[in-house]
Amino acid sequence: MDPATLVVQALVTGATTGLGGAASAAVTDAYQALKEALSSRLSGRPGALEQLSALERRPGAPAAEGLVRELVVTGAVDTEVMEYAQRLLVLLAPPASPRSAGGIDLREAKGVQVGNGTTQNNTFH
């Protein structure tokens with residue numbers, strides 16, 4: 001994924017899922033830091049600033065596509081902006097779910113034995 005698209009993805013994800021009443025202070029702070037960094041880099045482009053605001057009000061494809069284009073044209077995505085975007089995405093990522101042993105689905109299994117050198121006696125009725 002190109003850097004501008006990643007930054008807009010972070011903004012969209014933050015605007016749609018991370019800024020509700022349940023957002024942690026870390027998520028809100030990361031979102032605001034990203035938005036402020038972009039606002040300062042786009043300050044000379046009123047159309048780009050409007051797209052940034054529109055994306056927050058209504059996170060959807062038209063505003064996102066326009067903002068990606070503006071970020072590419074202006075070169076606004078630098079190392080600092082990328083770090084803010086990646087931090088926000090990490091904070092918004094769902095926690096990893098525990099994997100079953102060996103990637104095998106054991107939800108309906110009976111008499112499962114995991115490990116080496118163990119003994120198991122099963123009686124099913």
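**View 1. Glu70 in helix α4 of the predicted model.** Glu70 is a residue of helix α4, and the coordinates shown here and in the views below come from a predicted model. With a relative accessibility of 17%, Glu70 falls under the 20% limit and therefore counts as buried. Its side chain makes a polar contact with the side chain of Arg45, at 2.7 Å. When residues up to four places away in sequence are not counted, Glu70 touches Arg45, Ala48 and Gln51, so that the partner in the polar contact, Arg45, is also among the residues touched.

**View 2. Helix α4 along its length, with the residue that follows.** Helix α4 runs over residues 61–74, which makes 14 residues in the helix. After α4 comes Gly75, a residue with a positive phi, near 70°.

**View 3. The packing of helix α3 against helix α4.** Two packed helices are described by the angle between their axes together with the distance between those axes. For helix α3, which covers residues 46–57, and α4, the angle is about 145° and the axes are 9 Å apart. The crossing in which α3 passes α4 is left-handed. On the α3 side the residues that meet the other helix are Ala48, Gln51, Leu52, Ala54 and Leu55, and on the α4 side they are Ala63, Ala64, Gly66, Leu67 and Glu70. Sorted by class, this contact has 7 nonpolar, 2 polar and 1 charged residues.

**View 4. Ala54 in helix α3 and its surroundings.** Ala54 is found in helix α3, and Ala54 is one of the α3 residues that meet α4. Leaving aside neighbours within four places in sequence, Ala54 is in contact with Pro59 and Ala63. Between Ala54 and Leu67 there are 9.6 Å from C-alpha to C-alpha, while in sequence the two residues are 13 residues apart.

**View 5. Lys35 in helix α2.** Lys35 lies in helix α2, which is made up of residues 25–41. Its relative accessible area is 18%, under the 20% limit, and Lys35 is therefore buried. Once its neighbours within four places in sequence are left aside, Lys35 is in contact with Leu52 and Glu56; of these, Leu52 is also among the α3 residues that meet α4.

**View 6. Ser24 in the loop between α1 and α2.** Ser24 is found in the loop that joins α1, residues 3–18, to α2. Its relative accessible area of 35% lies between the limits of 20% and 50%, so Ser24 is partly exposed. Ser24 and Leu91 are 67 residues apart in sequence, yet in space their C-alpha atoms are 9.1 Å apart.

**View 7. The protein as a whole, for orientation.** The secondary structure consists of 5 helices and 0 strands, which follow one another along the sequence in the pattern α-α-α-α-α. Of the 125 residues of the protein, 26% count as buried. Among contacts with a separation of 6 or more, 66% are accounted for by residues 24 or more positions apart.

Definitions and conventions. Residues numbered from 1 in each chain as written. Predicted model: local features only at pLDDT ≥ 70, side-chain atom pairs only at ≥ 80, totals over all residues. Heavy atoms only, no water. Helix = DSSP H or I, 4+ residues; strand = E, 2+ residues; numbered from the N terminus. Expected span 1.5 Å × (residues − 1). Buried < 20%, exposed > 50% of the residue type's maximum accessible area, 1.4 Å probe, protein only. Polar contact = N/O pair within 3.5 Å; in protein donor to acceptor, adjacent residues only side chain to side chain. Contact = heavy atoms within 4.5 Å. Axes fitted to C-alpha atoms, helices over the stretch in contact; angles between N-to-C directions. Left-handed = near helix turned anticlockwise from the far one by under 90°. Nonpolar A, V, L, I, M, F, W, Y, C, P; charged D, E, K, R; others polar.
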